Amino acid sequence: MNGTRATLAIVRREMDTRWLIGRALALAVGLAAGLSSEAGLVAAAALWFAVSGALRIDVRDGMYFTAPLYGRQLARAHALVALAGAFAAPAGTFAAWAIRGALDSEFAPAGLALPLLCAVTLAAVVALSATPRTGIARGAYALGA
Amino acid sequence: MLPQCESVVLRVVAARFVRDGCDLMAPFSLELSPGRRARLIQPDARGAMVAARLTAGIVKPTFGAVTIGDFDSRLQPAQAKRLVGFVPHAGFCGSEREFGRELGFRADVWNVDRAAMVRAAAEILGALRGAAFCPAGDAYARGVALALAPGVRLAVLELPPDGAFEAVTALRPGIAALATSIAAERPALLRGVLAERAP
């Protein structure tokens, strides 16, 4: 059984055209926020896209139940998709900082870059926990993220 | 543990599926060997859908056991599902492009050659083209193609349209096949009756 091939197949399946359009939008918004040099705006945009991207993943897709997949393959693939999506907005912001010549200062210990990357990673992983749930539990995870 | 017999593809022993204290399908037992087929009649649509999913290893029995090949569907679900082609009652309703993507996805997940998978699907679609049970859109034929193209040993058809079961068994006479359907009359007296079981 080739686990990597199956995991990458799930990743490709989730990264469809709508996902790509969403990430392109996140990149653009991240770029605009980075150019505005408002730290709050940068963080809000990055977190919003990290959470909304992770919540969009459909772990209850019937196809996954009929396919010979292990839960760990699904979990890894969905985490990869969520994290790849979460890094789109920060990537745009980093591009904006590079244009402004502020990339070095933002990656310094007192800068925003590393906290931003940690925050979107954490938000995406917590929001991912909402995807198999419904109702109040789902909302709680999304809010927690 | 029951003694295993290599010639049996599907073995169901006293399977029950219970939710909130309620049996969602009529309990049943059966054995299917390669080339054999069975039609499992259930009192209602919900029972037929649960029975189909249970024999395909998608849901696990609350009581009893389901063994596909040599694999227990509860303990080794991935290995068991690898042997099964499950055709949902609606077939595959996506577009032509989505069908192509789904074929690629299945080739990767079942770990088979993509080109061989596409050829097998085209052959199945060609054989089913124009059949009475797949009108405009051929959604059911696509569902059959997706299920059988990976080269499975057991086909499970959930509430197939008239004529579909016969067409599928004719397509792959060497594999075991099972279809679920709803009892036409006296459903309350039925208990997972095997209506048809022929080589």
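Which residue stands opposite B:Phe71 of E7(B)? B:Ile68 does.

## Basis of the model

This is a predicted model, in which local features need pLDDT of at least 70, side-chain atom pairs count only at pLDDT 80 or more, and totals for chains, interfaces and linings use all residues. Residues are numbered from 1 along each chain as its sequence is written, while chains are lettered from A and ligands numbered from 1 in the order in which they are written.

## Chain B overall

Chain B has six helices and 11 strands. These elements are DSSP runs numbered from the N terminus, where a helix (H or I) needs at least four residues and a strand (E) at least two. Of the 199 residues in chain B, 45% are buried. A residue is buried if 20 or more other C-beta atoms lie within 10 Å of its own, exposed if 12 or fewer, and partly exposed in between, with C-beta atoms placed from the backbone.

Two residues are in contact if their C-beta atoms, placed from the backbone, lie within 7 Å. Among contacts in chain B between residues at least 6 apart in sequence, 64% join residues at least 24 apart.

## The four-stranded sheet of chain B

Four strands of chain B form an open sheet in the order E4-E1-E6-E7, with antiparallel pairing. Strand E4 (28-32) and strand E7 (71-72) stand at the edges with a single partner strand each, so one side of each is left without a neighbour in the sheet. Two strands pair if DSSP finds at least two bridges between them. Strands of a sheet pair through backbone hydrogen bonds, either parallel or antiparallel.

E1(B) and E4(B) are joined in the antiparallel sense by four bridges, and B:Arg11 stands opposite B:Glu31 in E4(B). On pairing with strand E6 (residues 63-68) of chain B, E1(B) has five antiparallel bridges; B:Val13 has B:Ala65 in E6(B) as its bridge partner. E6(B) and E7(B) run antiparallel and are joined by two bridges. Their hairpin has two residues between the strands, and B:Gly69 there takes a positive phi near 65 degrees.

Most residues other than glycine have a negative phi. B:Ala14 has a positive phi near 45 degrees. B:Ala14 lies in strand E1 (residues 10-16) of chain B and is exposed, because 11 other C-beta atoms lie within 10 Å.

B:Leu159 also has a positive phi, near 45 degrees. B:Leu159 is in the loop between strand E9 (154-157) and helix H6 (164-171) of chain B. With 19 other C-beta atoms within 10 Å, B:Leu159 is partly exposed.

## Packing of H3 and H4 in chain B

Helix H3 (residues 96-110) and helix H4 (residues 114-128) of chain B pack at an angle of about 130 degrees, with their axes 9 Å apart. That angle makes H3(B) oblique to H4(B). Axes are lines fitted to C-alpha atoms, for helices over the stretch in contact, and angles run from 0 to 180 degrees between N-to-C directions. Angles under 35 degrees count as roughly parallel, over 145 as roughly antiparallel, 65 to 115 as roughly perpendicular and the rest as oblique.

The residues B:Leu103, B:Gly104, B:Arg106 and B:Ala107 of H3(B) meet B:Arg114, B:Met117, B:Val118 and B:Ala121 of H4(B). By class, this contact has five nonpolar, one polar and two charged residues. Ala, Val, Leu, Ile, Met, Phe, Trp, Tyr, Cys and Pro count as nonpolar, Asp, Glu, Lys and Arg as charged, and the others, Gly among them, as polar.

## Contact between the chains

The contact takes 12 residues from chain B and 12 residues from chain A. On the side of chain B that touches chain A, helix H2 (77-81) and H3 of chain B are the elements that give two or more residues. H3(B) gives the most to that side, with four residues. By class, that side of chain B has seven nonpolar, two polar and three charged residues.

## Two positions in chain A

A:Pro132 lies in the loop between helix H8 (113-128) and helix H9 (135-144) of chain A. A:Pro132 counts as partly exposed, with 14 C-beta neighbours inside 10 Å. Leaving aside its neighbours within four places in sequence, A:Pro132 is in contact with A:Val59 and A:Arg60.

A:Val125 is in helix H8 of chain A and counts as partly exposed, with 16 C-beta neighbours inside 10 Å. A:Val125 and A:Ala88 are 37 residues apart in sequence and 15 Å apart in space, C-alpha to C-alpha.
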